[in-house]
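Reader: Hey, could you walk me through this one? I'm new to it.

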Amino acid sequence: MKVTGDWLTRAGTQAVLSLLTDAGHRALVVGGAVRNAVMGQPAGDVDIATDATPDEVRRLARAAGLRTVPTGI
């Protein structure tokens, strides 16, 4: 099954996925957005799992001009 939706092609989502994968990390969309897409419902937020450490994610995000919120670290 291929999951699709506006939330997945949105520039912000693609920017985060790209900054992780371009740095050699895995980036997987997980959670409620995927569940909702499978159920044909709109997605609220997008959760991304990665093998990058929290410090690496923050460093990459800052370098790309993105703000991070260290929730749950």
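Reader: What covers the buried residues of H4?
Author: Helix H2 (11-22) is included in that cover, where contact means heavy atoms within 4.5 Å. Helices here are DSSP runs (H or I, at least four residues), numbered from the N terminus. Keep in mind that this is a predicted model: local features need pLDDT of at least 70, side-chain atom pairs count only at pLDDT 80 or more, and totals for chains, interfaces and linings use all residues. Residues are numbered from 1 along each chain as its sequence is written, and side-chain values use heavy atoms, with hydrogens and water left out.

Reader: Ok, which residues are buried in H4?
Author: Glu56, Leu60 and Ala61, in H4 (residues 54-63). Buried means under 20% relative accessible area, exposed over 50%, and partly exposed in between (1.4 Å probe, protein chains only).

Reader: And why do they line one face of the helix?
Author: Because, looking down the axis of H4, the buried residues fall within an arc of 130 degrees. That arc is taken from the directions from the helix axis to the C-beta atoms.

Reader: What's on the face turned away?
Author: Asp55 and Arg62, which are exposed.

Reader: What follows H4?
Author: Gly65, with a positive phi near 80 degrees.

Reader: New topic: is Asp6 buried or exposed?
Author: Asp6 counts as exposed, because its relative accessibility is 66%. Asp6 sits in helix H1 (residues 6-9).

Reader: How far apart are Asp6 and Gly31?
Author: In sequence, 25 residues; in space, 16 Å from C-alpha to C-alpha.

Notes
Helix = DSSP H or I, 4+ residues; strand = E, 2+ residues; numbered from the N terminus.
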